[in-house]
Amino acid sequence: MHSVGVLALDGVVPFELGIPARIFHAARDHEGDPLYSVTTCSLDGGPVRAEADYDLAVSHDASLLAAVDTVVIPPSHRLGAIREEGRLPGPLRDALAALRPGTRVVAICTGTYVLAAAGLLDGRRATTHWREADRLQRMFTRTRIDPDVLYVDDGDVLTSAGVAAGIDLCLHIVRRDHGSRVANEVARLCVVPPWREGGQAQYIKRPVPDPATGSTAATRAWAVERLAEPLTLAGLAAHAGMSVRTFSRRFRDEAGSTPGQWLARQRVDLARHFLETTDWPVDVVAHRAGFGTGASLRQHLHSAIGVGPQAYRRTFRPQPAA
């Protein structure tokens, strides 16, 4: 069983603190057995003052982190010298220095400050809440902060934007560890969307479309049901009852990407589902997902996640029990 340790710092935000336990505890194998254990700790094992108007009692100190497979650091509104000076207090510095080699480290929202101050993001790409992105970038120039994404997966170090993006990141981890079937079941149990692409834009001052001028939402839903068919920009705009120019602008405002980029992501996601759940040949998967040819699918899948269809299928499709 994969062990997860969640570090609650003083001023922790309760919502994000609860995300890892809620998501990972819901992940079960085909026999219904848990795939993760989740334990919460504080630096000294004592109560932690939450960002809300109450304290949180925990049963473990930060020595727990040296024994787990994944460490999660939720956001805190009392980071003090970490946020102001980029400096870790001694106990926190020591706790992170004691992590075993290969430990996966995850930060949600302003938890990214902690990883950056520990030097764990040097030379890496990361994200945080968009309101903190400029400050974080100025303080930690060796880290490339991307303020326009929901989360960043950099292998053994993962970071997310704020609030619900922590759910997206934890679901992504489940999907990466155990495939779409398990992640989708977790999403159903937790009543959350099963998949939001990490590269999707954070919701930064996006205007609400005037109801009188329409929205692209209905067209996006229509397109998702027809991914195997040829879908052109002109056809999408016609369905929405807009000019191509207006549709393209409004689509980007609402979805955070161009229609072509969005369609490619939807088709990649559909192809991944088929690769995990069917025995179809790659050319059939490509056709059913709207890529037309196996070569096109290979190109898009490799661009999106760095592997081809066969490698993805071997990695994520559950193997038959012996």
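In helix α12 (residues 282-289), the buried residues are Val282, Val285, Ala286 and Ala289, where buried means under 20% relative accessible area, exposed over 50% and partly exposed in between, computed with a 1.4 Å probe on protein chains only. Viewed down the axis of α12, these buried residues fall within an arc of 100 degrees, so they line one face of the helix; the arc is that of the directions from the helix axis to the C-beta atoms. Helices (H or I, at least four residues) and strands (E, at least two) are DSSP runs, numbered from the N terminus.

This is a predicted model, in which local features need pLDDT of at least 70 and side-chain atom pairs count only at pLDDT 80 or more, whereas totals for chains, interfaces and linings use all residues. Residues are numbered from 1 along each chain as its sequence is written, and side-chain values use heavy atoms, with hydrogens and water left out.

The protein chain holds 14 helices and 10 strands. Its radius of gyration is 21 Å, close to the 20 Å that the globule rule gives for 322 residues, so the chain is as compact as a globular protein of that length; the radius is taken over C-alpha atoms, and the rule is 2.2 Å times the number of residues to the power 0.38. Along its principal axes the C-alpha trace spans about 60 × 55 × 35 Å, and buried residues make up 45% of the 322 residues.

Six strands form an open sheet of mixed pairing in the order β2-β1-β5-β6-β10-β9, two strands being paired if DSSP finds at least two bridges between them. The edge strands, β2 (36-41) and β9, each pair on one side only. Neighbouring strands of this sheet are turned by 15 degrees against each other on average, direction ignored.

| Strand pair | Sense | Bridges | A bridge pair |
|---|---|---|---|
| β1 (residues 2-7) and β2 | parallel | six | His2 and Tyr36 |
| β6 (residues 104-108) and β10 | parallel | four | Ala107 and Thr159 |
| β9 (residues 151-153) and β10 | antiparallel | three | Asp153 and Leu158 |

Strands β9 and β10 form a hairpin with three residues between them, and Gly155 in the turn has a positive phi of about 85 degrees. In β10 (residues 157-160), Val157 and Thr159 point one way while Leu158 and Ser160 point the other way, and all are buried. In a regular strand the side chains alternate between the two faces of the sheet.

Helix α6 (residues 165-178) packs on the sheet, touching β2, β6, β9 and β10, and its direction makes about 150 degrees with that of β10; contact means heavy atoms within 4.5 Å, while axes are lines fitted to C-alpha atoms, for helices over the stretch in contact, with angles from 0 to 180 degrees between N-to-C directions. Of the 14 residues of α6, 11 are buried, so the helix is largely enclosed by the rest of the structure; among them are Ile167, Leu169, Leu171 and Ile173, together with Asp168 and Arg175. After α6 comes Gly179, whose phi is positive, near 90 degrees.

Glu132, placed in helix α5 (residues 130-139), is buried with a relative accessible area of 15%. Not counting residues up to four places away in sequence, Glu132 touches Arg83, Thr110 and Tyr113.
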